[in-house]
Amino acid sequence: MKLVHKNIERDGGGSVVLIPEESEDMWHAYNLISEGDNVRASTIRKVQTESATGSSSSNRVRTVLKIAVENIDFDTQACVLRLKGRNVEENQYVKMGAYHTLDLEQNRKFTLFKPEWDSVAIERVEMACDPTQNADVAAVIMQEGLAHICLITASMTLVRMKVDVAIPRKRKGNVKQHEKGLQRFFESVMQGLLRHVNFDVVKCVLIASPGFIRDEFFQYMLAEAVKADSKVLLENKSKFLLVHSSSGFKHSLKEVLMDQSVIAKMSETKAMGEVRALEAFYTTLQTEPAKAFYGLKHVQEANRAQAIETLLISDVLFRCNDVNERKLYVALVDSVRESGGDVKIFSSMHVSGEQLGQLTGVAAILRFPLPDLEDDDDLSDDDENEMETDERNN
């Protein structure tokens, strides 16, 4: 997703101008737009004209409309988002208040106006527009003197840096020059990794090369990390995986990603993170039921005790028509993060998201057991209303 313009006021209202560039971006747009929002986009409208003789004819014209969204339909096959609502801006072809359907498509700009941009909506824009936010696999494809540092997302591979260093050949009497050139090359690659890879997000870093260049680089990097006391590299040492590639060019990445050891390692990345979180919830529910709860009332109560270690929540809940209900879930997410908990927002398009949906769409793994909450299977309406009020005020 390309962010063209962002204008969010202090009161939380404002607009963003976005261009969906990938099919995945349409899914982000579907999660961003809610009923009650205004959307401006280019559209085609059928217009009837009447001549002086009284005969009428119709033709299709392209115009820009701004509508108040009343209905949202996402066609997953065609990756088209259809928004239906009333026109809220003066237009020569469409009367104020007339109904129209806007089709949002890839590579076509649209402007989204919200009365309030909450933390979940802002995070969704940032995640959609900054590939480094969801690129949880990095790769260094290298050969002697040439390296490509890449970030891999669910839908694309981005080359963040190319390192090209001339290294003198290893000849008799010229070994030192060769080693110095190799060290300069390794240093450039290491600095590129530190600059372009967000180790808080990335779960796996592939280092691939023909021969033993990858091993030499990895040893050099660890030695330098120890000398400089680089905690970033030392603490993330386990994330590196050394594999073979036929060259240091980007096209070699394809063969690297087909390697069985890589496939096994990548199962730990974001694609599998939600599945593992749900499995952990089910396991905890069976072995330590006082540390695993689902359903809004129980999860809210656990949050009030600041007991939530991991919150599992479905993106469906943020698309609800009731504004107050959405605010309730946003407040829950914010509160869990403020108390140091981890929040995983599940996609309803994935199997794990469907499973979570069967558990009311919200569940939590706790830091410590709450046996009293386990015994209280039916919280009173007064307690529930009080908790909802607390969540909204927070």
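Guide: Q306 has its place in the loop between helix 9 (296–304) and strand 14 (308–314). Helices (H or I, at least four residues) and strands (E, at least two) are DSSP runs, numbered from the N terminus. This is a predicted model: local features need pLDDT of at least 70, side-chain atom pairs count only at pLDDT 80 or more, and totals for chains, interfaces and linings use all residues. Residues are numbered from 1 along each chain as its sequence is written, and side-chain values use heavy atoms, with hydrogens and water left out.

Visitor: Why is Q306 called exposed?

Guide: Buried means under 20% relative accessible area, exposed over 50%, partly exposed in between (1.4 Å probe, protein chains only). Q306 has a relative accessible area of 52%, so the label is exposed.

Visitor: What makes the phi of Q306 worth a remark?

Guide: Phi of Q306 is near 50 degrees, a positive value in a residue other than glycine. Most residues other than glycine have a negative phi. N107 also has a positive phi, near 65 degrees. N107 sits in the loop between strand 6 and strand 7. With a relative accessible area of 58%, N107 is exposed.

Visitor: Why is C129 called partly exposed, and why is C320 called buried?

Guide: C129 has 21% relative accessibility, so it counts as partly exposed. C320 has 17%, so it counts as buried. A223, in helix 4 (residues 213–228), has 39% and therefore counts as partly exposed. Across the protein chain, buried residues make up 46% of the 394 residues.

Visitor: How do you know how many disulfides there are?

Guide: A disulfide is a pair of cysteine sulfur atoms within 2.5 Å. By this rule the count is zero.

Visitor: What makes strand 1 (2–8) and strand 6 (99–104) edge strands?

Guide: Two strands pair if DSSP finds at least two bridges between them. Seven strands form an open sheet, in the order 1-2-7-3-4-5-6, with antiparallel pairing. Strand 1 and strand 6 each pair on one side only. Neighbouring strands of this sheet are turned by 35 degrees against each other on average, direction ignored.

Visitor: How do you know that strand 5 (residues 80–87) is joined to strand 6?

Guide: Six bridges join them, and the two run antiparallel. G85 stands opposite H100 in strand 6.

Visitor: Which strands does helix 1 (residues 23–32) touch?

Guide: Contact means heavy atoms within 4.5 Å. Helix 1 packs on the sheet, touching strand 2 (14–19), strand 4 (56–75), strand 5, strand 6 and strand 7 (110–114). Helix 2 (residues 119–129) lies across strand 1, strand 2 and strand 7.

Visitor: Why are helix 1 and helix 2 called roughly antiparallel?

Guide: Axes are lines fitted to C-alpha atoms, for helices over the stretch in contact, and angles run from 0 to 180 degrees between N-to-C directions. Angles under 35 degrees count as roughly parallel, over 145 as roughly antiparallel, 65 to 115 as roughly perpendicular and the rest as oblique. The axes of helix 1 and helix 2 cross at roughly 170 degrees and come within 10 Å. The two helices are therefore roughly antiparallel.

Visitor: Which residues of helix 1 and helix 2 meet?

Guide: D25, W27, H28, N31 and L32 in helix 1 meet A121, R124, V125, M127 and A128 in helix 2.
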